[in-house]
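I opened this notebook to keep track of what I looked up. The entries follow in the order I made them.

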Amino acid sequence: MTAGTLIVGAVAVPLAGAVLIAAAHRTPNLRETVTLVTAGLLFLLVASIVPDVLAGGRPHQTLLPVMPGISLAFTVEPLGMLFAVLASGLWIVNSLYSIGYMRGNGEAHQTRYYVCFALAIASTMGIAFAGNLFTLFLFYEALTLVTYPLVTHHGTEEAKRAGRLYIGMLIGSSILFLLVAIIWTWAIAGTIEFTPGGVLGGNVSNATMGLLLALYVFGIGKAAVMPVHRWLPAAMVAPTPVSALLHAVAVVKAGVFSVLKIVVYVFGVETISGMTSVDWLPFVSGFTIIAASIVALRSDNLKRRLAYSTVSQLSYVVLAAALLTPLSVIGAALHIATHALGKITLFFCAGAIYTAAHKTEVSQLAGIGRRMPWTMAAFTIGALSLIGVPPAAGFVSKWFIMSGALQAGHYAALTVFVVSTLLNAAYFLPIVYSAFFRVPGAGAGGGDGHGHGHGEAPWPMVVALTATAASSVALFFFPELPLQLARQLVARSPG
Amino acid sequence: MVVLRSGAAAWTLAVAASWTALAIAAGLFLEVAGGNVVSYWIGSWPPPWGIEYRIDIVNAFLALLVSFIAAVVIVYCRESVRAEVPRERHYLFYAMYALCLSGLLGIAVTGDAFNLFVFLEISSLSSYVLIALGRDRRALMAAYQYLILGTIGATFYVIGVGLLYLLTGTLNLADMAARLPAVSDHRSVLAALAFITVGISLKLALFPLHLWLPNAYAYAPSAVTAFLAATATKVSVYVLLRFYFTVFSGSGIFDDRPLAPIWITLSLAAMFIASAIAIFQNNVKRLFAYSSVAQIGYITLGVSFGSVYGLTAGIVHLFNHAVTKGALFMLLGGIALRLGTVRFDAIGGIGRAMPFTSFGIVLAGLSLIGVPATVGFVSKWYLVLAALERGDAWLAFAVVGSSLLAVVYVWRFVEVAYFREPTTEVARLREAPLSMLVPAWLMVLACFYFGLDTGVTLGGAGAAAESLLRGPR
């Protein structure tokens, strides 16, 4: 198979999977098998492209010309490769987890759920491999639309409201700002292909550049830079596996991935590093990091706390990209991966706790570590990764980002990272402490009488969360693959 | 058909006629795509004395659009008309349908200003009858309203043409364009322009001359709504284009007159006010009727830029919007057939009872919003590009901003269709009959197909825009 076929296959396989899943709706076991097989196949496909990209190849495939000069086309570059490996790999784990969760909680409409999930992954692959802004935008919008039924899965009034916010903010921002930015780029540069070194060099004034960057950053609502972040906590009404894979990995990472990709391949790090009009971005993203951490600290609902933590961590990537140094860009790319592993673990744990113990609030978790040791051990690793403590992978990316801040001499950014690390510790470590070292007191009595019965969640869930926690540690010791890809990202852009 | 007096035979005949028209229009389109102009002299009288049928890429594009829609809708008509029109009037319905189609196609192909008026009247009179055939008694009122306003529009048009005839002594459009510069300092030219503009604007439902449209669309038989929404206003836009860019362009009459700002203001008003009104409608047909008024605003906005990109956007949106709205009204017709109403408070939970119909409406709605890979996106891309090219960034934001209003009204349908529990009445509904569902879904798929393969639509529109801007030859 040629590389082009492989790329198209990466989008087509989950699409075909979606059709097969829908066809198998009468036999749940077959349906779930199809999901797992599709996920496995997709991962193999994606993985088979890696050696080529590592060797410096940039496989390209044009599907069809859409408008003069604009086509539906895929190009695999290091960042997209990293993102695709991550999303497709975690889809396998997440599918396993989903099976446990959806059955354990007796959820309705499971076929619709798995179909939309497969479609969401197909869209994510499209985003990862997009060769130009049009293709990126197409799959970006598709991802919003196919995840809408997942967010509103429960069909309750609350889900409907969250869905409104979800569609309103994501579609709204993308049409209002991102689309205009893309067309503007096309009008200025005459191309919207992703090009190493950017396409805007030379003919854009300082002020226009700042405005364009603002349109992109706020137009990509999925990156959840404040104030376009509200949809993310709202989307937590979805079943937990959705929050885990989509709202910790696929959807939000598609956002920061797009921001990073646009900074590197449309603006060009070199082109904008001298411009004063883009200096606002570190401050906006820095503010998001701190403010979201504080909200997280004050949230008692576990998923809400995780959601705001995600908002904060996403802005790490945006801020790192905005620092415009090679080290920070490497860090940004790595952080997409390390945060994904850490956060999906945490969401898996939250879902496991909900399934086994029916607890959703942080204050109810005292002593739960004794009943669910695997879950809470994984939770601890995930938390350490987000704080940035070895031996969890979060340390690696944070190291690069902070070195980048030093390299740029941006001490404000450095302060933000230090403060935020403290805040991260402040909102995660108490959970770990009370889970292991406190006895369930009278205060947490609500679930107490019931609590004696529960142990760990169903085994597929435990396997899944152990796997992601283990890979988070593994990534700390063996960061070569993502690191190599991230290095190529910088090496390609001059300087 | 009137002779036959049989509904089924009339339908068969109408199908044959519509499909033949489509084949001929496609042939013409291919013939003129290279830049040729086909000229046919009625009775072999050479122009400007005789009536000339003159087909360049603009005419061909429009004829193709009209006959394509007609060919799809006629298939759909069979079940829909059987349910909504009394049996003894079926043959009349198809006769009127055929007349309306010939009127619209006539407008598209003729090169003669008065002949155009005749065709305009043929299509208008037959459409009044078609609307009045709606089973709701309010259809009569709607048809009457349309009759009054439509007649005023046609009268204004013919007054304008009369003035031009007095000035130039010709009714042939191309000839008129050639002679007009010589008399352009005459004030009557301006009066003619004003009469024609207002007259045609009434027919194309430019805001605020759109008052006839929502009722007419809401109460007409479903098939008629689908057909008229997709074609009638589009043909009027063509007439406007023809007069502005072929007849009047050489006369210098547009210099020093703030016509573009007026058009832009009215278009923006249509886009925002009509969309806002649409949001608050309870009848889904009325909702999409107001949305049509808003979408016409997009078309005229593109046209008023007067640039290649702008005109391309306007013309391609003629096609794109026709396909989208055709799909929407055809699907709504399915609901009307099964449930008898399309009010929001009655169709709760319809997504479960009629899954294909509802999902189709959502997909066509996405095209209305302008999601990439749909036709709506192509139009929007060019419209924004045209606005940016003018250096008017705020206009670009206005274009995308008004499509956010479309998100709101499309999502109203989504929430009603999928989040409400079906009433017992809705729950026992069956899916629409295949003979309606298939043509409707054909349109839905067309929304996506022409959103990705824009060779014919965008190519045709671009060529048409360039040919219009080149002026009369």
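I began with burial: 63% of the 473 residues of chain B count as buried. A residue is buried if 20 or more other C-beta atoms, placed from the backbone, lie within 10 Å of its own.

I noted the conventions. This is a predicted model, in which local features need pLDDT of at least 70 and side-chain atom pairs count only at pLDDT 80 or more, while totals for chains, interfaces and linings use all residues. Residues are numbered from 1 along each chain as its sequence is written, and chains are lettered from A in the order in which they are written.

Next I looked up the dimensions of chain B. Its C-alpha trace spans about 70 × 60 × 40 Å along the principal axes.

I then turned to secondary structure. Chain B has 19 helices and 2 strands, taken as DSSP runs (helices H or I, at least four residues; strands E, at least two) and numbered from the N terminus.

Last, I checked where the chains meet. I found 20 residues of chain A in contact with 23 residues of chain B; contact means C-beta atoms, placed from the backbone, within 7 Å. On the chain A side, α6(A) gives the most, with 11 residues.

Note on methods: Two residues are in contact if their C-beta atoms, placed from the backbone, lie within 7 Å. A residue is buried if 20 or more other C-beta atoms lie within 10 Å of its own, exposed if 12 or fewer, and partly exposed in between; C-beta atoms are placed from the backbone.
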